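The sequence and structure follow.

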Amino acid sequence: MNATLKQAGKLLELVDQKDLTNEELQTAIVSGIISDVFESARAGSLDGEKRDDIRALLGLSPIAPVVPGPTITPYALTVTCRPLVEMIEAGEYGWTNSDITEKRFPINGKGIRTVESALFHFGRNISSENAIKEMDKAGYRPATTEELLAFGEHNPALQRKFPIVELGSVAGVRGGRHVLFLDEYGSGRGLHLRWFDFEWGGRYRFLA
């Protein structure tokens, strides 16, 4: 079966993408390696999973894996700054970690402010540092204590679907750096702590 015009065009497109000169293209043809690839495809022995091994034999570096960008869901958020205890009470959580105190997680600012917030979802394991870097690329910063508590107060149903983390307020608790996150607790809702140096799983969302 002869190659189609579309397939031939794809080969020319690949040549163009590599920006080969006529001399470089001629070298690739004369080497016979392209012919070997075609022969391997015909024999059914061409294995794309071994591409990095073949690239190593050719003196090339491995193909870098494509890392998908985050899904960013925007929310308009009104933050009413009050003492920590009052903000927790306004969230109506069924359980709150007893290590969450005003001394460790003070409320910054006064009065009412509206901020452009968003939930970042990476869908893969990610460190706190890398999550913050991705927020910065998108023009955001990690949320703080008062912003997470305001978000939980105004969007109580969301934490039943997935845990929501703030990375902007980090406190020392029992010898480690910790941050707040919203999640389920039994059949209700809870305000939790977890290590900042934890590698977060794909189901976590990060408030920015």
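Leu60 lies in the loop between α4 (51-57) and β1 (71-81), where helices (H or I, at least four residues) and strands (E, at least two) are DSSP runs numbered from the N terminus. At 41% relative accessibility, Leu60 counts as partly exposed; buried means under 20% relative accessible area, exposed over 50%, and partly exposed in between (1.4 Å probe, protein chains only). The model is predicted: local features need pLDDT of at least 70, side-chain atom pairs count only at pLDDT 80 or more, and totals for chains, interfaces and linings use all residues. Residues are numbered from 1 along each chain as its sequence is written, and side-chain values use heavy atoms, with hydrogens and water left out.

**Nonpolar patch**
- Leu60 is one of the residues in a nonpolar surface patch of about 990 Å², which also includes Leu11, Ile29, Val37 and Phe38.
- Such a patch is made of residues with over 30% relative accessible area and no salt bridge, like charges being joined within 9 Å and nonpolar side chains (Val, Leu, Ile, Met, Phe, Trp, Tyr) within 5 Å.
- Two or more residues of the patch come from each of α2 (22-30) and α3 (33-43), and α3 gives the most, with 4 residues.

**Salt bridges**
- The chain has 9 salt bridges, each defined as a side-chain nitrogen of Lys or Arg within 4 Å of a carboxyl oxygen of Asp or Glu.
- Arg113 pairs with Glu147, with the closest N and O atoms 3.3 Å apart.
- Arg113 is in strand β3 (residues 111-121) and Glu147 in helix α7 (residues 145-154), so this pair ties together parts that are 34 residues apart in sequence.
- Glu147 is buried at 4% relative accessibility, whereas Arg113 is partly exposed at 27%.
- A network of salt bridges links Arg113, Arg141, Glu146 and Glu147.
- Asp99 and Arg104 also form a salt bridge (3.7 Å, N to O); Asp99 is buried at 13% and Arg104 partly exposed at 30%.

**A buried arginine**
- Arg205, in strand β8 (residues 205-207), is buried yet has no salt bridge, and the nearest side chain of opposite charge, Asp183, is 10.0 Å away.
- A polar atom of the Arg205 side chain lies 2.9 Å from the backbone oxygen of Arg203.
- Beyond its neighbours within four places in sequence, Arg205 is in contact (heavy atoms within 4.5 Å) with residues including Leu119, His121, Phe162 and Val165.

Methods
Areas by Shrake-Rupley, 256 points an atom, 1.4 Å probe, with all protein chains shown as cover. Lys, Arg positive; Asp, Glu negative; His and termini not counted. Polar contact = N/O pair within 3.5 Å; in protein donor to acceptor, adjacent residues only side chain to side chain.
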